[in-house]
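User: Hi! Could you walk me through this one?

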Amino acid sequence: MKPFAILSSLAIILTLIFLGCSQTKNPEEEADSSNTQFTEVTQQQFEATGMKTGKLMNIVFNETITCNGYINAPANGKAQVSSSLGGIIENIRFRPGEKVQKGSVLCRVSSQELIVLQQNYVQSIAEFKQAESEYKRSKALFKENIGSEKNLINKESYYKSILAQKQSLALQLKRLNLNLNEIEKGNFYESFPVIAPISGYITKQEAVLGQFISQEQPLVEIVNTNQLQLELAVFEKDFAKLKTGQKIIYKTLGEQSTNYEATLVSIGKSINQASKNIQCIAKINESEKRDLINRSFVEAKIIVNQKESLGLPKEALLKSGNEYFVFVVAKKEQGVYFLSKQKVRIGKTSDGFIEILSPKDIKNIVIKGTYNL
């Protein structure tokens, strides 16, 4: 055989041997090559970074409507207190923020009008007694056919007029919370009390000692915190999802870390044309009312639907583009965690959890400390 042919045959044999060797791998080498797909974390690193493993959990995912509003008292839960007569504020017995009971004296007002009112009342009593006496006398004479009918009618008309005047003055004095018996004895009052019409907290105070106030001028605002409610503005597009009885989770600007609860009790029937909102009312849990402040702004979520599904804490997932991944502990050898990155498909998000649609059989998931990887 020629040397060239021998060399060619040898080259072909060596090539075949090389290809055969390259296609057949040692199992250990294959395992070693797959290790390059793992993220290795030592036991010390795992503990130092606060990493933790877990599994898919059954989570209740809420479908919610986001809206804003205010904490407010209804019309019968707040009061604007004013004086029935003009006068000068004699003393003040309250401060903003204080709790008062219905019937408590808020301040006293001295008034010249009050003295005139008492004088007129006493005079009306004297006139009434005289008019009553003359009316009874005319009535008796008319029955005996002595007096004329015209005279009786005049006496009766005057009697009823004085009676109406007396009763009107008495009602005015009663509104001032004064003792009529003392006034009838001639013991006149120089001032009258301004009384709290409801129990609650003083939220506004516009009275100053020695200040002259006119009739019906606002002096004090009282809010009954036991009647506080939520007034929410819901967009028109979400109206069809609303039902009374739905649970509401809300926060105030001053307590962003605290979630409060309420229940939807009233859904408006008219749309505000300017804002395109519908006003809704929610009842606040009784135990939470003591911590709330009237007219506080709130951010709320109305739960319109609930669904139980498998999920993970948000911090367990990593986002890359439009895809989400989790790290799974594939194995642990000699104090080293071998973590593999696995793609997942997500669904709803609720209260710090994300729904996992697939796969649903993954275990040993790194649910805490993923951001360190």
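This is a predicted model: local features need pLDDT of at least 70, side-chain atom pairs count only at pLDDT 80 or more; totals for chains, interfaces and linings use all residues.

User: Thanks! How many helices and strands does the protein chain have?

Analyst: The protein chain has six helices and 21 strands.

User: And is the chain spread out or compact?

Analyst: Spread out: its radius of gyration is 43 Å, well over the 21 Å from the globule rule for 373 residues, so the chain is more spread out than a compact globule. The C-alpha trace spans about 175 × 45 × 30 Å along its principal axes.

User: What share of the residues is buried?

Analyst: Buried residues account for 34% of the 373. The chain exposes about 23,000 Å², and carbon and sulfur atoms supply 50% of that area.

User: Switching topic, what is the strand order in the open sheet of four strands?

Analyst: The order is β4-β11-β9-β6, and the pairing is antiparallel. β4 (78-82) and β6 (99-100) are at the edges with a single partner strand each, so one side of each has no neighbour in the sheet.

User: How many bridges join β4 and β11?

Analyst: Five bridges, in the antiparallel sense, with β11 covering residues 218-223. As one example, Gln80 has Glu221 in β11 as its bridge partner.

User: Last one: how many positive and negative side chains are there?

Analyst: There are 47 positive and 38 negative side chains in the protein chain, and the centres of the two sets are 4 Å apart.

Notes:
Residues are numbered from 1 along each chain as its sequence is written. Side-chain values use heavy atoms; hydrogens and water are left out. Two strands pair if DSSP finds at least two bridges between them. Helices (H or I, at least four residues) and strands (E, at least two) are DSSP runs, numbered from the N terminus. The radius of gyration is taken over C-alpha atoms; the globule rule is 2.2 Å times the number of residues to the power 0.38. Buried means under 20% relative accessible area, exposed over 50%, partly exposed in between (1.4 Å probe, protein chains only). Accessible areas come from the Shrake-Rupley method with a 1.4 Å probe; for residues, only the protein chains shown count as cover. Lys and Arg count as positive and Asp and Glu as negative; His and the chain ends are not counted. The place of a charge is taken as NZ of Lys, CZ of Arg, CG of Asp or CD of Glu.
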